[in-house]
Amino acid sequence: MAQTIATVIGKLSATRLDNTSVTSSVQTATGSSTVINQIIIDNSNNSTAVYLKLYNTTGSVTVGTTDPACVFPAAASEAADFQFSPGLTLDTGIKYACVQE
């Protein structure tokens, strides 16, 4: 499944991004300032740990060269849930990739 973005009515956030097939290829979530309230990484079907890398940019990103703003780990065969209160702000834009190292 590809990336999907949906409008959600609620107190914390108005947008939900789902991507069930994140890879090491960089993808764009948004091109403007964004507040993240929660990140869930479901790595339960994989036998190796993964790391979700977030980049605070609208520019070019090279995984392994460009420094990420944040890195979130998910252990092998497990899910990871990160919640942020009052929220994690990335003020430029969000690009992301998921890697095994």
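In what order do the elements of the chain run from the N terminus on? They run β-β-β-β-β-β-β-β, and the chain holds zero helices and eight strands. Helices (H or I, at least four residues) and strands (E, at least two) are DSSP runs, numbered from the N terminus. The model is a predicted one, in which local features need pLDDT of at least 70 and side-chain atom pairs count only at pLDDT 80 or more, while totals for chains, interfaces and linings use all residues. Residues are numbered from 1 along each chain as its sequence is written, and side-chain values use heavy atoms, with hydrogens and water left out.

Of the 101 residues of the chain, 27% count as buried (under 20% relative accessible area, with exposed over 50% and partly exposed in between; 1.4 Å probe, protein chains only). The accessible surface comes to about 6300 Å², and 49% of this belongs to carbon and sulfur atoms (Shrake-Rupley method, 1.4 Å probe; for residues, only the protein chains shown count as cover). Among contacts (heavy atoms within 4.5 Å) between residues at least 6 apart in sequence, 70% join residues at least 24 apart.

An open sheet of four strands has the order S3-S8-S5-S6, with antiparallel pairing; two strands pair if DSSP finds at least two bridges between them. Strand S3 (27-30) and S6 are the edge strands, each pairing on one side only. S5 and S6 run antiparallel and are joined by five bridges. Lys53 has Val71 in S6 as its bridge partner.

The largest nonpolar core has 16 residues, of which Ile36, Ile39, Ile41, Leu52, Leu54 and Phe72 touch the most other members. Such a core is a set of buried Ala, Val, Leu, Ile, Met, Phe, Trp, Tyr and Cys residues joined through side-chain atoms within 4.5 Å. At least two residues of this core come from each of strand S4 (34-42), strand S5 (50-55), strand S6 (70-74), strand S7 (79-90) and strand S8 (94-99). S7 gives the most, with four residues. Neighbours within four places in sequence aside, Ile41 is in contact with Val50, Leu52, Phe72, Pro73, Ala74, Glu78, Ala79, Ala80 and Phe82.

Asn19 lies in the loop between strand S2 (15-18) and S3. Asn19 counts as buried because its relative accessibility is 16%. The Asn19 side chain reaches the backbone nitrogen of Ser21 at 2.9 Å and makes a polar contact with the side chain of Gln27 (2.9 Å). A polar contact is a pair of N or O atoms within 3.5 Å; within protein, one must be able to donate a hydrogen and the other to accept it, and residues adjacent in sequence count only if both atoms are side-chain atoms.
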